[in-house]
Amino acid sequence: EEEFKWLLQEEVHAVLKQLQDILKEASQRFALPASGSGGAIRQENFVLSTLGTDQVKGVLTLQGDALCQADVNLKMPRNNQLLHFAFREDKQWKLQQIQDARNHVNQAIYLLVNRDVNYQFKTGLEVLKLMDAVMLQLSRARNRLTTPATLTLPEIASSGLTKMFTPALPPDILVNFYINLNKLCLTVYQLHMLQPSTTKNFKPAGGSILHNPGAMFEFGNQRYEVSHVHKVECVVPWLNDALVFFTVSLQLCQQLKDKICVFSSYWNYRPY
């Protein structure tokens with residue numbers, strides 16, 4: 001009984017402090033303040049590449065949760081024509097996945113800060129509820145980075161991203177940027193216009209993270225088929241750090257829950 005009281009009063013707070021420290025580190029990775037610049041977010045350049053193809057090459061500039069520059073070269077397979085397009089100077093593209101993940105981390109920190117060292121936990125159930133709430137935010141943060149949104153091809157075609165480039169993208173090119181784990185990915189879709197007289201059985205594709213050649217859709221009274229798909233990516237080291245922090249934090253939460261449950265059942269302090 002005394003050990004259980006000690007666990008509630010001492011060890012729980014030690015774990016909460018450890019969690020706060022780890023999550024503040026994670027949160028700082030997302031903010032990326034440059035040293036000595038008064039909190040300004042630094043810009044980082046990443047080279048896009050993929051093994052075995054040189055169809056798409058490019059350099060992306062990431063500033064926190066925003067793509068502030070994109071410079072992309074695309075070699076068209078039909079005629080080997082080289083297309084070059086870049087973000088207009090007045091445009092940047094917000095990566096909602098990074099923004100959401102950071103918000104979930106900050107929400108988890110807020111839950112922990114609300115139970116400072118002076119707070120007295122009375123029951124194991126109270127600790128379990130707090131751990132569940134923190135773990136929910138951390139799982140959501142991790143899922144935002146590991147699970148990109150599924151989009152239909154018309155959604156990609158109508159997104160603001162298509163209007164950000166100079167020169168303007170040709171009507172038979174679609175692009176999409178997203179985060180997958182610790183990577184920033186660019187997918188380029190080359191399209192083939194389907195003629196009204198085509199004998200192909202038109203079946204519009206549903207939502208997907210990555211559409212395959214042969215996928216069909218209708219946009220602006222015109223039907224299209226995806227002819228080629230190019231995916232290039234680059235590793236963002238601080239995203240990798242953040243994912244490691246999430247994993248370590250979730251393990252700490254689970255270990256504390258397990259201890260509380262063992263004591264609760266052993267001493268008959270049941271958490272319900």
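Colleague: What makes Phe85, Phe87, Phe165 and Phe177 one aromatic cluster?

Modeller: Rings of Phe, Tyr and Trp (its six-membered ring) pair when their centres lie within 6.5 Å; planes under 30 degrees apart are stacked, over 60 edge-to-face, the rest tilted. By that rule there are 7 aromatic pairs, and Phe85, Phe87, Phe165 and Phe177 form one cluster. Mind you, this is a predicted model: local features need pLDDT of at least 70 and side-chain atom pairs 80 or more, while totals for chains, interfaces and linings use all residues. Numbering runs from 1 along each chain as its sequence is written, and side-chain values use heavy atoms, without hydrogens and water.

Colleague: Why is the pair of Phe30 and Trp238 called edge-to-face?

Modeller: The centres are 5.8 Å apart and the planes are at 75 degrees, and over 60 counts as edge-to-face.

Colleague: How do you know that Phe30 and Trp238 are buried?

Modeller: Buried means under 20% relative accessible area (exposed is over 50%, partly exposed in between; 1.4 Å probe, protein chains only). Phe30 has 0% and Trp238 has 4%, so both count as buried.

Colleague: And what makes Ser27 buried?

Modeller: Ser27 has 15% relative accessibility, so it counts as buried too.

Colleague: Why say that Arg223 sits over the ring of Phe202?

Modeller: The rule wants NZ of Lys or CZ of Arg within 6 Å of the ring centre and within 35 degrees of the ring normal. The charged end of Arg223 is 4.0 Å from the centre of Phe202. Arg115 also lies over a face, that of Tyr119, at 4.8 Å from the ring centre.
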